[in-house]
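Me: Please examine the following structure with me. I should like to discuss its contacts, its confidence and its helix packing.

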Amino acid sequence: SLAMRAKRLARAIFAPHSGTRLPLQPGPVAARHMSRSALPGGIDAPREIFGEDHAAWRETCAAFFRDQVKPHHAEWERAGCVSREVWLEAGRLGLLCPALPEELGGAGGDILHSACVWEEQMFANCSGPGFSLHSDIVAPYLAKYGSAELKDRYLPAMASGECIGAIAM
């Protein structure tokens with residue numbers, strides 16, 4: 001199944017990290033995503049790739065987007081930028097670089113922890129914060145190809161929200 005292929009791919013790309021600092025108490029938001037999820041066209045499909053730690057993490061993500069992002073999103077859209085404070089708060093909660101190993105400054109989770117951030121940002125309908133580009137494209141690129149000096153300089157600052165990663169073309 002597609003879910004099993006995605007799970008194998010995630011394991012191959014992002015080996016599990018021990019000692020995660022992500023929260024471990026699932027609640028009602030996570031419950032709606034743990035077992036089944038409505039797909040386009042009303043198809044109900046199992047969500048077997050997320051575990052209990054992802055469910056608890058999803059609660060943190062949902063609360064962050066509901067309380068810290070959604071109330072300000074329209075203002076940020078008009079201004080054309082997101083507040084610095086929301087980046088710092090996301091970093092404090094571990095929402096930035098959740099799949100980055102702890103020794104590089106990340107939360108030590110896996111790609112499914114990142115997926116929880118993506119999904120909860122989508123459910124909040126708040127496209128402004130570019131957390132995914134920052135955390136799941138720029139940071140892994142630096143982690144894989146950056147020199148030790150670049151990793152030490154930028155990755156902990158990216159995970160904390162003190163430095164915001166981007167791509168220039």
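Me: What share of the contacts in the chain with a separation of 6 or more comes from residues 24 or more positions apart?
Reply: This is a predicted model, in which local features need pLDDT of at least 70 and side-chain atom pairs count only at pLDDT 80 or more, while totals for chains, interfaces and linings use all residues. Side-chain values use heavy atoms, with hydrogens and water left out, and residues are numbered from 1 along each chain as its sequence is written. Contact means heavy atoms within 4.5 Å. Among contacts with a separation of 6 or more, the share from residues 24 or more positions apart is 69%.

Me: Over which residues does pLDDT stay under 50?
Reply: pLDDT is the predictor's confidence in each residue, from 0 to 100. The chain averages 81, and 73% of the residues score at least 70. Where pLDDT is low, the predicted coordinates should not be read in detail. The stretch under 50, with 36 contacts beyond four places in sequence, is residues 6–26.

Me: Are helices α3 and α4 roughly parallel or roughly antiparallel?
Reply: Helices are DSSP runs (H or I, at least four residues), numbered from the N terminus. Helix α3 (residues 52–79) and helix α4 (residues 84–93) pack at about 180 degrees, with axes 11 Å apart. Angles run from 0 to 180 degrees between N-to-C directions, and the axes are lines fitted to C-alpha atoms over the stretch in contact. Since angles over 145 degrees count as such, α3 and α4 are therefore roughly antiparallel.

Methods:
Helix = DSSP H or I, 4+ residues; strand = E, 2+ residues; numbered from the N terminus. Parallel < 35°, antiparallel > 145°, perpendicular 65-115°, else oblique.
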